[in-house]
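The following paragraphs lead the reader through the structure shown below, one region at a time. The sequence and the model may be kept in view throughout.

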Amino acid sequence: MQTLDLQEIGLRQVNETLHAQADNTNQTAWEIVNPKGAHAIACGLNAPIEVSVMGSTGYYCAGMNQQATVNIKGSAGPGTGENIMSGKIVIDGDASQYLGATGHGGMIVVKGNASSRCGISMKGVNIVVQGNIGHMSAFMGQSGNLVVCGDAGDALGDSCYEARFFVRGSVKSLGADCVKKEMRPEHLELLQKLLDEAGIDADPQEFTRYGSARNLYNFDVDNAAAY
Amino acid sequence: MCGIVGLFLKDKSLEAELGNLLTDMLITMTDRGPDSAGIAIYGSETPGKVKYTVQSASPEADFAGLAEDLSKELASEVSVTVNSTHAVLHVDSQTAGGVRNALAAVRPNVRMMSRGETLEIYKEVGLPKDVASQFAISNMSGTHGIGHTRMATESAVTTMGAHPFNTGDDQCLVHNGSLSNHNSLRRKLRREGIHIETENDTEVGAAYLTWKMREGATLGEALESSLDDLDGFFTFVVGTKDGFGVVRDPIACKPAVMAETDQYVAFGSEYRALVNLPGIEHARVWEPEPATVYFWSHDSSPTTTEKAA
């Protein structure tokens, strides 16, 4: 295990050290101590390494992640995992707004709650939240899956495309063109796989699936108010 | 952007540290807005007296002989404590109503920052570290306080455009965000006789709360109706003599983090601002909900009022 003290060596040195790890690095286990809410910790990683951030983080932690696993041993600030391409981010506490925005792949797990705009414009990332999520989550979600073991806030999935949403609790309101959908066997199977991957024990049967009604795909003057 | 910090102490043993803790929190938020900075401190109170914090661009000239001139004008003893470009006037509460006019008569260039029994507001153009050291904020003690560092978007970078804004006796407001209907609201409030000094959007927010409360609303009610009447983005932190409150607009894109322990309730635009507070590792840390008014007071237990967005 390699330990990097962020207060001692600074953010740039921490990130440069992690960026220097190649695909075949032998130093696969890293620990960042004293994060103290700093911005952009472990951003832009691209190697099969596992990084544990020992505390809460600020804006954009693990943004643009590829291959790496980033564990945040605290709560995460706005924009965590933004544009994640692959790999995994696990947040022990809560996540602030726009978690995993525009994420193309990989997985983000939140053990607490995620706030507003979780998974906004998601493009393939899988997000699993053990608690609740805030308003406008998965706005314009294009693909990928958002799993919520608690409740969802207002306007879930507004103007979404082909992203899927599985919510166990209540949904305060659905966004424009987002509707409740039937849970077919393939969805139960997919959800079980996502929950297993996230390490969360929940029964897929208790979830409801939501997704796009596909009414806003093409302009129709009758829908003008909904655009 | 803008940076906000707030600290409400439950543990009296921390009161001597208030200025120091707030200064550290505010300096951490410097890169959210380096234009101007300000701090509202709820400190000591003298029974029968009201404190006015005033500011002057030429303090040597304006504050010399100010106590004598004001005492004479008001026909009542006024004492003055000068702190750099600011001064605190201690006035008998019987005669306090005439201070604004008296001040305008004897020192027309001196600006009023705040009025209250415990509240003092210090604010200037500059970085938080410079403003804090200019007024030796670190040495101040008190029960609670609010700080702000500004990145100006809606109006000029001036002392009067800096936050916090005094909204009524012992009340103040800081703001992260921008109000888009401040021009029309300013015209309306001026027609209602509310004094608005600048073209600043936040001052209109503050004046709105003052007006609502003048019309009989409690601060909590005024904050709730602000969700209907103010158009734009805001995270507000308000201070009162007994406590402080937080409200975010329904969109809630301006960040906010809160922490609570047995010793304090703290607010920061980011978690970074809170990391040096005592016992933060074990604090309950959370993000305040949108369109929800939170309030902590020394007089009563915490309250939360949710209003439908």
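In chain B, helix α8 spans residues 219-229, and its residues B:Leu219, B:Ala222, B:Leu223 and B:Ser226 are buried. These residues lie on the same side of α8(B), because they cover an arc of only 100° around the axis. The model described here is a predicted one. Among the elements that cover the buried residues of α8(B) are the helix α7 (201-214) and the strands β10 (171-179), β11 (232-239), β12 (243-248) and β16 (292-297) of chain B.

One of these covering elements, β10(B), is itself mostly covered, since 8 of its 9 residues are buried. Strand β10(B) is joined to β9 (residues 165-168) of chain B by 3 bridges, and the two run antiparallel. Within this pairing, B:Asn166 has B:Cys172 of β10(B) as its bridge partner. The hairpin of β9(B) and β10(B) has 2 residues between the strands, and B:Asp170 takes a positive phi near 60° there. Strand β10(B) is also joined to β11(B), by 8 bridges, again in an antiparallel arrangement. Here B:His175 has B:Phe236 of β11(B) as its bridge partner.

Strands of a sheet pair through backbone hydrogen bonds, either parallel or antiparallel. In chain B, 7 strands form an open sheet with antiparallel pairing, in the order β7-β2-β8-β1-β14-β13-β15. At its edges stand β7 (119-125) and β15 (284-286) of chain B; each has a single partner strand, so one side of each is left without a neighbour in the sheet. From one strand to the next, the twist averages 10°.

Strand β13 (residues 257-260) and strand β14 (residues 264-268) of chain B are paired over 4 bridges in the antiparallel sense. Opposite B:Met258 stands B:Phe267 in β14(B). Helix α1 (residues 18-28) of chain B lies across β14 as well as β1 (2-9), β2 (36-42) and β8 (144-150) of that chain. The helix runs at about 155° to β1(B).

Attention may now turn to a single loop residue. B:Thr85 is placed in the loop between β4 (78-83) and β5 (86-92) of chain B. Is B:Thr85 buried or exposed? B:Thr85 is buried, because 20 other C-beta atoms lie within 10 Å. Apart from its neighbours within four places in sequence, B:Thr85 is in contact with B:Gln55, B:Ser56, B:Pro59 and B:Glu124. B:Val54 is 31 residues away from B:Thr85 along the chain, yet their C-alpha atoms are separated by 8.4 Å.

The two chains also touch one another. In this interface, 11 residues of chain B are in contact with 14 residues of chain A. On the side of chain B that touches chain A, the residues divide into 8 nonpolar and 3 charged, with no polar ones.

The C-alpha trace of chain A spans about 60 × 35 × 30 Å along its principal axes. Chain A has a radius of gyration of 18 Å, which agrees with the value near 17 Å that a compact globule of 227 residues would have. Of the 227 residues of chain A, 53% count as buried. Among the contacts in chain A with a separation of 6 or more, residues 24 or more positions apart account for 24%.

Conventions: Residues numbered from 1 in each chain as written. Chains lettered and ligands numbered in written order. Predicted model: local features only at pLDDT ≥ 70, side-chain atom pairs only at ≥ 80, totals over all residues. Buried ≥ 20, exposed ≤ 12 C-beta atoms within 10 Å, placed from the backbone. Contact = placed C-beta atoms within 7 Å. Nonpolar A, V, L, I, M, F, W, Y, C, P; charged D, E, K, R; others polar. Rg over C-alpha atoms; globule rule 2.2 N^0.38 Å. Arc of directions from axis to C-beta. Pairing = 2+ DSSP bridges. Axes fitted to C-alpha atoms, helices over the stretch in contact; angles between N-to-C directions.
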